Every structure is written in structure tokens, then in C-alpha cells.
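Biologist: Could you take me through this model, beginning with the overall picture and then moving to the details?

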Amino acid sequence: MASSQQKAVFWLGKDTLRVSAALFAENRERLCRGLRAEKDLQDGSVLVLQGGEQKQRYCTDTDVLFRQESFFHWTFGVTEANCYGAIDVDSKKSILFVPKLPESYATWMGEIYPREHFKEKYAVDEVHYTTDIADVLTEMKPSVLLTLRGVNTDSGSTCREASFEGISQFQVNNSLLHPVIVECRLLKTDMELEVLRYTNRISSEAHKEVMKRVKPGVKEYEMESLFQHYCYSRGGMRHTSYTCICGSGNNSSVLHYGHAGAPNDKSIQDGDMCLFDMGGEYYCYSSDITCSFPANGKFTANQRAIYEA
């Protein structure tokens, strides 16, 4: 498996960062180790995670740009939608379940890859179709399935617990996994830190590019656009970590300015302070950077006093 992990690399070409599948193998190893340290863990436990689903824009057939569910990404590094993953906690065997696509997919969306493609791409032990998940898990004879259920303390929302046809035939524990995987994600490995340094470097460079271009008369959204363009064109970052906040003047005091009701649409004025809070995201690893500076390049006495307070 070590050699396959060396070959399995996420890379978007040019100067973008290469991320080895070994990063996720180490995450899985840490997760199994953390679970085995729990006194309530049963022998023969198998954890099951459900990845993010592809959504459409309301009632249309237009796909919303997909971004993987974070717990699933941390564990498997999979970029495709509608997948599941399982890990035998005792043996650490990793299993990926991918959708079995219809022939029409090839016409509309592109090549249909065999299961072996995903096995090599993500350096997992086995790959099966999602339609077979109940049968595959039955053959494993798990004592219990560990599913993910817990509250995100930032949002107050509950993460989605894995569900599939046939899960009712298994004993399920949905309380043990969440605190362990959260603690694992909190403590970053050296490989994760490398990705985070990359995202922060590119995002910092993007902020500096924006600062060079800010001047009275330009729109806040022009600076948002420039930041996004730099992150994507230079860093391969298709996503930002959150909605860009490009507040100028009074808008700079609004914590989450930039939403649909206030979409970074003010013209930047001479004498305005700008507060730009933007971060790029690479392979689901995020940055979060805020810069404050005068639009015309010169602090007033009051602005400097507050800035340096």
C-alpha cells in the first residue's frame, strides 16, 4: 500500500501543490488509533461515512459547484460526489464506495472510470459500488457500525449521519465516532500543515495583489474578483473558504458583509478604510486572512490611532 500511496497524488499542474494520498492514509491510521483507545469500542467495529451529494440549483438541472463534505474529505481525500467510505477499525482496511454511473453519463459528463481507477487514485484497499454497500458490509460481519453524528459548535448544525438502504439490519452507534474524529482533525499532521501553508501563502499573495489595485472609485466586488482570480489562476483554488468580505467605509464594520443582501457592491471612496476578509481553499484545506488598510494608501490620524491600538 505504501507504494500505491506514493503514486496517488492530487495535483492541478504548474506550480500547484502536490498532495499525496499518504496524508489521508495517516489520517485514517490516527482515527483508528483514537477509536481503539476508547473503552466503549467493540471489537469488530466498522466506521461508515457518507460523502457530500451533488445538488442542483433549486428545480433546475444546473449543478451547484460541488465541494466535498469535510469529514469525508479528511478521511479519504475523495473529490467526487455521492460516495461512501468504510474502515475496519481493527485491521484499518479502507473501502470506498462509488456510484455506478449510467451509460448516458459518458455523453453528458465524460469518461466512466472502472473501480480500479479509484482504487489507484485514492490508494484505498477496496472499491465497490454504492449499490452494494449493504452486501459488502454484511460480508464483513461487523459487531457495530460507527456513524457520524454531532453538533458543529460554530454553526450549531448537526453533521449528516451516513444512511443507506439496508442499514437497519446493522447495530449502529452514532455517538462514539464524532468526538474522536473531531479531535483528530483539530491536531494537524506535518503533511496537513504543508497544505495549510500553501493555501495561506497563495491567499496572502492574492491579498497583496488586491492591495496594489485598490484605489478610490473601484467597486468592492472588483477586488473580490481579483482575489478569486489570483487564487484560482496561480494556486488552483476553485473555491474560497467562505464568502469574500470586501468592506469599505462603514461596511468595514459589518462582520459578515458580502452576503446576497450586501454583495460587496459599494464604490470605494477616497478616505475609506478597507477591511478585506478573504481566504482561498485548496483541496478542502482553507485559509482565513483579514487585512485592513486605507483605500488611498494614507492613514488619517484617527485611522492610524485605531489601527495601531
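**Overall architecture and domain contacts**

Modeller: Of the 309 residues in the chain, 44% count as buried. Please bear in mind that this is a predicted model.

Biologist: How many helices and strands does the chain come to?

Modeller: The chain has ten helices and 14 strands. Its C-alpha atoms fill a box of roughly 70 × 50 × 40 Å along the principal axes.

Biologist: And what share of the contacts comes from residues 24 or more positions apart?

Modeller: Such pairs account for 68% of the contacts in the chain with a separation of 6 or more.

Biologist: Into which domains is the chain divided?

Modeller: There is domain 1, covering 8-186, and domain 2, covering 190-308. The C-alpha centres of domain 1 and domain 2 lie 33 Å apart.

Biologist: How many residues of each domain are in contact with the other?

Modeller: On the domain 1 side there are 22 residues, and they are in contact with 16 residues of domain 2. The area buried between domain 1 and domain 2 is about 1,600 Å². Carbon and sulfur atoms give 66% of that area.

Biologist: What about salt bridges and polar contacts between domain 1 and domain 2?

Modeller: The count of salt bridges between domain 1 and domain 2 is two. Seven residue pairs are in polar contact across the interface, with both residues at pLDDT 80 or more. As for the elements involved, α2 (22-36) and α3 (70-76) each supply at least two residues of the side of domain 1 that touches domain 2. Helix α2 gives the most to that side, with six residues.

Biologist: Which side chain does Glu192 meet in a salt bridge?

Modeller: The partner of Glu192 is Arg30, with an N to O distance of 3.8 Å.

Biologist: Where does Thr189 lie, and what is it in contact with?

Modeller: Thr189 lies in the loop between α7 (177-186) and α8. Leaving aside neighbours within four places in sequence, Thr189 is in contact with Glu26, Asn27 and Arg30.

Biologist: Why does Thr189 count as buried?

Modeller: Thr189 counts as buried because its relative accessibility is 6%, and the cut-off for buried is under 20%.

Biologist: Which residues does Leu35 touch?

Modeller: Not counting residues up to four places away in sequence, Leu35 touches Leu41, Leu47, Val89, Leu146, Leu176, Leu177 and Val180.

Conventions. Residues are numbered from 1 along each chain as its sequence is written. Side-chain values use heavy atoms; hydrogens and water are left out. Contact means heavy atoms within 4.5 Å. Domain bounds come from an automatic or database domain assignment. Buried area is the accessible area (1.4 Å probe) that two parts lose on being put together, summed over both. A salt bridge is a side-chain nitrogen of Lys or Arg within 4 Å of a carboxyl oxygen of Asp or Glu. A polar contact is a pair of N or O atoms within 3.5 Å; within protein, one must be able to donate a hydrogen and the other to accept it, and residues adjacent in sequence count only if both atoms are side-chain atoms. Helices (H or I, at least four residues) and strands (E, at least two) are DSSP runs, numbered from the N terminus. Buried means under 20% relative accessible area, exposed over 50%, partly exposed in between (1.4 Å probe, protein chains only).
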